[in-house]
Amino acid sequence: MSKAIVLNEKFENNGEVVLPASYEEINSHNLYLYVKSYLASLRANTARAKTRAEVSGGGKKPKAQKGSGAARWGSKRSPLFVGGGQAFGPTKRNYNQKVNKKQKALALKYAINAQANNGSLFVVDSVKIESGKTKEAVAVLSKINKRDTLIVCDVIDEKTYLAFRNIKNCYMVEKQEVNAYLLAVYHSVLIEKSVLDALTKEA
């Protein structure tokens with residue numbers, strides 16, 4: 001069974017908490033599907049090309065129908081001409097990929113379990129920097145000692161936000177913002193116990 005590392009108020013190792021055994025049986029494909037859907041939803045979807053019906057010009061027939069020995073040209077708006085419309089060009093399309101609720105829940109469980117298996121899931125009662133000083137926030141991350149860290153809080157207070165906001169190798173979110181993609185993309189997760197309990201209960 002996977003175990004998360006429990007930290008005390010000084011962010012030092014203070015034991016372990018065991019995740020449900022059922023998490024080990026989840027297929028990684030659920031996380032793949034969720035991440036694929038999440039990234040697809042971020043696409044700007046602004047690629048657009050005009051067809052021959054939309055480009056300007058082309059009112060006059062470029063040359064006589066007969067006599068030149070070449071093909072018949074009816075309009076300068078043809079894709080054959082520079083400045084003409086584009087044939088089969090990109091148009092607005094829907095990139096969304098549906099993932100049902102059960103798969104989302106399984107993806108979240110798998111991501112939590114994967115962090116625990118890597119020894120990168122840290123649980124603490126509260127992540128609060130009451131002074132609002134970045135120096136103290138850096139000290140917290142140095143004790144975790146990972147390349148980057150996702151910090152998940154129940155509620156982010158102003159002082160704590162000020163302490164962490166300028167640190168480039170961490171990202172703070174509240175409980176309602178966390179998802180399987182964020183849990184998977186960071187090298188470690190520092191999560192409040194109340195949030196972990198809620199996520200494992202809901203997922």
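This is a predicted model: local features need pLDDT of at least 70, side-chain atom pairs count only at pLDDT 80 or more; totals for chains, interfaces and linings use all residues.
Student: What makes strand S4 and strand S6 a pair?

Tutor: Three bridges join S4 (residues 149-153) to S6 (residues 189-192), and the rule asks for at least two, so S4 and S6 count as paired. These two strands run parallel, and within the pair Leu-150 stands opposite Val-189 in S6.

Student: Where do S4 and S6 sit in the order of the open sheet?

Tutor: The sheet has six strands in the order S2-S1-S3-S6-S4-S5, with mixed pairing.

Student: Why are S2 and S5 called edge strands?

Tutor: Strand S2 (13-18) and strand S5 (170-174) each pair on one side only, and pairing requires at least two bridges, which means that S2 and S5 are the edge strands. Neighbouring strands of this sheet are turned by 25° against each other on average, with direction ignored.

Student: Which helices lie across strands of the sheet?

Tutor: Helix H2 (residues 101-117) lies across S1, S3 and S6, and runs at about 95° to S3, while helix H3 (residues 134-144) lies across S3, S4, S5 and S6, and runs at about 115° to S4.

Student: How do you know whether Asn-30 is buried or exposed?

Tutor: Asn-30, which is found in helix H1 (residues 29-41), has 12% relative accessibility, and buried means under 20%, so Asn-30 counts as buried. Leaving aside residues up to four places away in sequence, Asn-30 touches Gln-103, Leu-106 and Ala-107.

Key: Residues are numbered from 1 along each chain as its sequence is written. Side-chain values use heavy atoms; hydrogens and water are left out. Helices (H or I, at least four residues) and strands (E, at least two) are DSSP runs, numbered from the N terminus. Axes are lines fitted to C-alpha atoms, for helices over the stretch in contact, and angles run from 0 to 180 degrees between N-to-C directions. Contact means heavy atoms within 4.5 Å. Buried means under 20% relative accessible area, exposed over 50%, partly exposed in between (1.4 Å probe, protein chains only).
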